[in-house]
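Subject: Structure handover

Hello,

Here is the structure you asked about. My notes on what turned up follow below it.

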Amino acid sequence: MREEFGQNLEALFQEESSQLLRAMRDGLGRLHSEEAADPETIQTELRRAAHTLKGGARATEQPEAEMLAESLERALKMVKPDQLARSSSGQEFLLQTIQLLSDCLDPDRRPASSVIQSRLEQLDQLPSQISVPETPAGAQSELDLVFRGEAAHCIQALRTALSHWGRPAFPAQLKQAATAAADLEGAARSTDQPVLEILAEHLKSLLRKSLQQNCAWSHERAETADQVIGRCHQIVAGESTPSAEQVMELLARIARAEEQVLESTEAVFESSEIPSASESQALSLVPSREVSFETGLRQTFKEEVEEKLIELGDILVALEQKPDPNNLESVFRHFHNLKGAARSVGAVAMEGLCQSAESLLAQVKKGLVRLESGVLDGLHETANLLNALGRDHEQPHLQSVRKCIALLDALAEGKNPAPNHSLEIPAISPQDLSRTDLESIRISSRKLQKLASQIQELLSLKLASQQRVLELRQINARLKNWENEWKRLQPRLKELDVPAAVKEFLNFNSGFANELKQSLTSLTRATDQDRRNTTALVDSTQEQSKRLLMSPFSTILGRFPKIARDLAQSLGKKVEVQIEGAELESDRRILERLNDPLLHLVRNAIDHGIEPPEQRIHSNKPAQARLKISVYPYRGSQLQLTIQDDGAGVDLSKVRQIAREKNLVSPQQAESASDQEVLQWIFLSDLSTRSSASEISGRGLGMAIVRDLIMQLGGSIQINSQRGKGTSLTISLPTTLATFRGILVKVSGQTFVFPTARVHRVLRIRPEQEIHKLEGKQNIFLNAQVLPIHRLSELLLMPSPLNPKGPYLTLILEAEQRMAALIVDEIVSEQEVLVRELKPPLSLIPHLSGISLLGTGELAPILNVSYLVQRQGPLHSQLPISSKLPKKPLQILLVDDSLTSRALLKSILESAGYKVETASDGEEALAALSQRPWDLVVSDIEMPRMNGLELTRHIRADRKRTGSLPVILVSTLHSDEDQQRGLEVGANAYVVKGNRAQTKLLEAIRSLL
Amino acid sequence: MNDAELLRKRARLLAEARNEDESVKLEVLLFALNSQHLAVDKARVENVLRLQSQSLTPLPGCPGCIAGLINFSGELLPLVRGNHLLFGITEPSRPETTIVVLKAGDENYGLLVDEIVGIRQIPCNQLLLPSRQNLSPWIASVTRDDITLIDVDALLTHQNLGFGESGT
């Protein structure tokens, strides 16, 4: 769904950006045609369009377009409108820039980073360039400026297409290079530069011939091209003009290279060197049917990379802990295999990275480079970057790839460069972490689950056949009763004076009934046999299907060592992860849903629990902390999973203090609660002992949600912690979700199911003798324990009159080492029940853990015992279903002129549960504000008609109606002055669009509402 | 509105529809709730069922507009009380007995309605877009003859169904 939204957003931005680009071209056209009565207005429109494009590019994560739009906006701010109106070359330059921006937004025409880089530099010089007075010499200099811009663009494009980290170019790159050479030739011709023209023309010819001959781009040809490009660069930069001899020599080299191409019998492009999707489109050499093959190939490649990188992560961690030759060899092999795979789909950046990592490892293997932390960090960073490359387009990461290759190459030469913080290795996003390799199986897990759930449906067949046999036996029993009665009456019938015809009829009936009885008996016997066969078949099929759905815990735990290592390193901590029992199996659905809670708990342990190395040493602990995740069987069909750290433990005094400050407990409770009770408050929804959410665990779920997710699986979670020694969390889980033994009870005529495993005992309670009131609450005494007793009907808000004298049928329930007594109207039976999961939104009902399908076809809700027992505790005396009842959502007015930003922000706010309406500028917002009350306004700053600052001023000015309405300004303007201006006009908060804007905005809203 | 009036209105609507056959049309299922005519795009209707009260399993403690669950051909179908959800009427004059099975997102929901009026073709050019300011977000459009076309996705959100805290 998230992916779909991203696509929608991109589509929206594509539409918006093409309109904006068109408007910018029109604006420049008007400026040029001298119709422009007011160049200043046109320039403001241009600037605003650039600003909106910048925002949209940021929202859709297109960093290069964003940078370009930002520079364009800045240049348009600096240039004087009348000068721009007079400078046709300046306008031409801007038109080219708009075209470049348009190319940036088109995946098929995306220019090389270097082209963009050079354009960014030129944009910065634009204001000083066009402020030159308009003289013939100035006009010449302007033409020169345009030429230089274009020529530099072509040269960069040539270099980028042909360099590719020293490896042979693919046809698509040759094609791009040929186009760039042709452009350079044209530019040279139009500015009358014959030397440049002839060099470009010959280079173009060489490239085209290589393409036509389908000939690989040899090392020699690459060198020749390099020399020609170098010369061209010197001419364009005005550094030197080559002599006639030098030009002739170069042309001769090109001619020789061309001859070689024509005679070439050397390796043609191999079929394995399949160009990427965009390349095949550019080339038009690959028939369209191969595109789908290629898509399939890429998908397979993506899966392979994902699998290999998970393994690589594990081995790298192992290598770090134990630098033995086997691990080293394995890491080397992984990079080598990844390189091969990358080459096969033309993923050049990935191939380049793997090549450099491989070279570094070769040096390590030879003993020329020591396996030190710098080398290991470099390899980890490479793995992270490969992960990002496997996920996204290569384009946004090229800068990082170059830096990473430079780093690896330096390491291979035995240099130990300073930690390169500018290396923008993308952080592991929560989405990456929450992906499990469960997805990597070759059968869609959805299909598998569907099949398994259909097999589970067979249980209803088994239960139904049992029911039929039962019904037949009941009929048999009734017939038997009739027979007995008939036998008892027969002697008396003989004594009566009954007409012969009637006697005959009665005898006939008796005989008929006997026949029926015999038929019924044999039918019952046959049906019972069928039942036995069905039961055996269903049981074995179900057993098999359960195995179909079982996966080992290693499928989700396997990636934790690397996750933990990366997280710890980002926090300057050291941690070693031990995993035990990863081979134990559980239902895949349980594993999938366990992934997020586990991730949160591990993050929590590293972020909050484990201390920094110096603090650990100070406390006489080893600098490297230990995090142990163990899985072990528990009580038959259950499993327990513990996450144990040797960190600082939970600060109970802080928990006590915060719970009191936030009014989560009464002052008396805060005083009197035992340490064990206080520890349980960790699971309260509003409790966090950190004053601000951190980068690591701030993105997490919260312990309350972790507990809810585990409870939804029918499991439970417990915490133990010792200050200074560490924290341990124990999660109990069922191994399967499909069936279990349940106790069927009735309340107000409706059947409910309790899992038998959770029912400790069943008692008959006499209220007068056995129910005791303590502090206004009802309790019973059981084995020296005081247990709270409730009526299930009251908890479920169902009417159910109860005989005050009793006795009451009572279930003693047990969960998470707590017990409670629940009174029910009737206990029906104990039997195996089929569990059907509830789908959202019904799965959100906390006191239900599923629905069971009974043999009679009736549905019976399965009650979540953990929830019911927990909610009887002192902190929540009533069933919290009231808190799940809908609250009126808070109303937010979102003001932004960019369609893309609006859609993005709206989605973010709506996902957080707010009701959002939008306005496209300040004036529209004021109209909406006058219609009805709102809870908060989120507004962009730069907007037509009325901007965000003016809007805020208006809101504050109407003291009576909107004076105290919270306003949050969201903008790409990020200087201190901008923020100051925003706060001066009365905004309550200022959020800069970009990194973590989503979190910051939601935090700001929460703090204001 | 009694049955005769309803039938007359239906006939009138169907007659009008025939006059518009040159334009592009949307096929809708028309039903009545709280004496109003409402419509949903027929493409979103999976089925129409009659509720057998004994087959309904109530889910105690659920938000009020959820009547409970039925087992429909092996699928657990949540039933949503239309009068409650759309008009806030918790005790309608007579209980709804007709289920319109609608697809919203990946899930099916049974919307309990007073009765089905019929299938109708509405020319798309007759669908008027309401002003967003004053109307509920689930109203996709209205027609001149007072039929309200429902946006199924905007209506059957988790939030509207009373599960607001956990998002849609």
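This is a predicted model: local features need pLDDT of at least 70, side-chain atom pairs count only at pLDDT 80 or more; totals for chains, interfaces and linings use all residues.

Take Q227(A) as the test case. Q227(A) has 15 other C-beta atoms within 10 Å, so it is partly exposed. Its place is in helix α10 of chain A, residues 219–237. R253(A) is 26 residues away from Q227(A) in sequence. In space the two are 9.8 Å apart, C-alpha to C-alpha.

Chain A in outline

Chain A has 1009 residues, and 39% of them count as buried. Its secondary structure comes to 37 helices and 23 strands. Consider the contacts in chain A between residues at least 6 apart in sequence: 70% of them join residues at least 24 apart.

The nonpolar cores

Some background first. In soluble globular proteins, nonpolar side chains tend to be buried together.

The largest nonpolar core here holds 128 residues. Which of them touch the most other members? They are A564(A), V602(A), V753(A), F754(A), L813(A), A39(B) and V80(B). Helix α23 of chain A, residues 588–609, gives this core its largest share, with 9 residues.

Leaving out residues up to four places away in sequence, A564(A) touches V575(A), V577(A), V602(A), I606(A) and L627(A).

A five-stranded sheet

Chain A has an open sheet of 5 strands, in the order β2-β4-β5-β7-β6, with mixed pairing. The edge strands are β2 (575–580) and β6 (716–722), and each pairs on one side only. On average, neighbouring strands are turned by 15° against each other, direction ignored.

β2(A) and β4(A), residues 625–634, run parallel and are joined by 6 bridges. Within that pair, Q578(A) stands opposite K628(A).

Which helices pack on this sheet? α22 of chain A, residues 560–570, is one of them, and it touches β2 and β4. The direction of α22(A) makes about 165° with that of β2(A). α23(A) packs on the sheet as well, touching β2, β4, β5 (638–645) and β7 (726–734). The direction of α23(A) makes about 20° with that of β5(A).

A helix with a buried side

Helix α34 of chain A spans residues 922–931, and its buried residues are G922(A), A925(A) and L929(A). Why do they sit on the same side of α34(A)? Because they cover an arc of only 55° around the axis. The face turned away from the buried side of α34(A) carries the exposed residues A927(A), S930(A) and Q931(A). The cover over the buried residues of α34(A) includes β19 (891–895), β20 (915–919), β21 (936–939) and α35 (948–957) of chain A.

Around β17 of chain A

Is β17(A) enclosed or open? 6 of the 6 residues of β17(A) are buried, so the strand is largely enclosed by the rest of the structure. β17(A) pairs with β16(A) in the antiparallel sense over 3 bridges. There, V835(A) has S852(A) as its bridge partner. β17(A) also runs antiparallel to β18(A), residues 859–863, with 5 bridges between them. In that pairing, I851(A) stands opposite P861(A).

Backbone points to check by eye

Most residues other than glycine have a negative phi, and most peptide bonds are trans. These spots depart from that:

- P840(A) and P841(A) are joined by a cis peptide bond, with omega about 5°. P841(A) is in the loop between β16 (826–836) and β17 (848–853) of chain A.
- S748(A) is not a glycine, yet its phi is positive, about 50°. S748(A) is found in the loop between β8 (739–747) and β9 (750–755) of chain A. S748(A) is partly exposed, with 15 other C-beta atoms within 10 Å.
- N34(B) also has a positive phi, near 50°. N34(B) lies in the loop between β1 (25–33) and β2 (36–41) of chain B. N34(B) has 15 other C-beta atoms within 10 Å, so it is partly exposed.

Best wishes

Terms used: Residues are numbered from 1 along each chain as its sequence is written. Chains are lettered from A and ligands numbered from 1 in the order in which they are written. A nonpolar core is a set of buried Ala, Val, Leu, Ile, Met, Phe, Trp, Tyr and Cys residues joined through C-beta atoms within 7 Å. A residue is buried if 20 or more other C-beta atoms lie within 10 Å of its own, exposed if 12 or fewer, and partly exposed in between; C-beta atoms are placed from the backbone. Helices (H or I, at least four residues) and strands (E, at least two) are DSSP runs, numbered from the N terminus. Two residues are in contact if their C-beta atoms, placed from the backbone, lie within 7 Å. The arc is that of the directions from the helix axis to the C-beta atoms. Two strands pair if DSSP finds at least two bridges between them. Axes are lines fitted to C-alpha atoms, for helices over the stretch in contact, and angles run from 0 to 180 degrees between N-to-C directions.
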